[in-house]
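The report below describes a single chain, moving from individual residues to helix packing and charged pairs. Please read it alongside the sequence and the coordinates.

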Amino acid sequence: MFLCMFFGIIRRMLKILYQVGGSISIGLAMTGLFLPVLPTTPFVLLAIFLFGKSQPEKANEIIQHPRLGPFVQDYLDPQGIPLKSKIKALLVLWLSILISVTFFIPLIAIKMLILSIASLVSIWIWMKPTRH
């Protein structure tokens, strides 16, 4: 009985954390609509994931949102991402990363970490199915 109560409390706490994380992600995504240095799409995808765990109806609301939905609909489409969108995403990613590591990040270790993450993200984007 104690174990059931314990796991119930943990489940509720996780749900709250997912909701808070989803709300923060949406806030950052909305900010990214107006600030060119803050990417919108990753935060929208994160919010969809987090709300999918806590409030699936909220995740669907984001996907259907007139401003935020288009950022992720190609990504969520089972047919894949258009080649033009992949190329644009990779160009924007690498332009912003190279500007950041060249002008704003002084530590070599952090530069290497960011370049590694950008490389993995690039591989991830390129491996997604391509819609023609």
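## Helices, surface and salt bridges

Ile-24 lies in helix H1, where helices (H or I, at least four residues) and strands (E, at least two) are DSSP runs numbered from the N terminus. This is a predicted model, in which local features need pLDDT of at least 70 and side-chain atom pairs count only at pLDDT 80 or more, while totals for chains, interfaces and linings use all residues. Residues are numbered from 1 along each chain as its sequence is written, and side-chain values use heavy atoms, with hydrogens and water left out.

The pLDDT, which is the predictor's confidence in each residue on a scale from 0 to 100, averages 89 over the chain, and 99% of the residues score at least 70.

Ile-24 is exposed, with a relative accessible area of 52%; here exposed means over 50% relative accessible area, buried under 20%, and partly exposed in between (1.4 Å probe, protein chains only). The C-alpha atoms of Ile-24 and Leu-46 are 9.8 Å apart in space, although the two are 22 residues apart in sequence. Phe-2 also lies in helix H1 and counts as exposed, at 64% relative accessibility. Phe-2 is one of the residues that make a nonpolar surface patch of about 900 Å², the others being Leu-3, Phe-6, Phe-7, Ile-9, Ile-10, Met-13, Leu-14 and Leu-17. Patches are made of residues with over 30% relative accessible area and no salt bridge, like charges being joined within 9 Å and nonpolar side chains (Val, Leu, Ile, Met, Phe, Trp, Tyr) within 5 Å; the areas come from the Shrake-Rupley method with a 1.4 Å probe, and for residues only the protein chains shown count as cover.

In helix H3, which spans residues 56-64, Ala-59, Ile-62 and Ile-63 are buried. These three cover an arc of only 100° around the axis, which puts them on the same side of H3, the arc being that of the directions from the helix axis to the C-beta atoms. The face turned away from this buried side carries the exposed residues Glu-57, Glu-61 and Gln-64. What covers the buried residues of H3 includes helix H1 (2-34), helix H2 (41-54) and helix H4 (69-76).

Gly-69 lies in helix H4 and is buried, with a relative accessible area of 0%. Leaving aside its neighbours within four places in sequence, Gly-69 is in contact with Ile-62 and Ile-63, where contact means heavy atoms within 4.5 Å. Between Gly-69 and Pro-56, 13 residues apart in sequence, the C-alpha to C-alpha distance is 15 Å. A further buried residue, Thr-40, has a relative accessible area of 7% and is found in the loop between H1 and H2. Not counting residues up to four places away in sequence, Thr-40 touches Ala-29, Gly-32, Leu-33, Leu-68 and Phe-71.

**Salt bridges.** A salt bridge is taken as a side-chain nitrogen of Lys or Arg within 4 Å of a carboxyl oxygen of Asp or Glu, and by this rule the count comes to 3. They are set out below.

| Pair | N to O distance |
|---|---|
| Glu-61 and Lys-58 | 4.0 Å |
| Arg-131 and Asp-74 | 2.6 Å |
| Asp-77 and Arg-131 | 3.7 Å |

Glu-61 and Lys-58, being 3 residues apart in helix H3, are separated by about one helical turn, and Lys-58 is partly exposed, with a relative accessible area of 31%. As for the salt bridge of Arg-131 with Asp-74, Arg-131 lies in strand E2 (residues 130-131) and Asp-74 in helix H4, so the pair ties together parts that are 57 residues apart in sequence. Arg-131 counts as partly exposed at 24% relative accessibility, and Asp-74 is partly exposed at 27%. In the salt bridge between Asp-77 and Arg-131, Asp-77 lies in the loop between H4 and strand E1 (81-82) and Arg-131 in strand E2, so this pair ties together parts that are 54 residues apart in sequence. Asp-77 is likewise partly exposed, with a relative accessible area of 22%.
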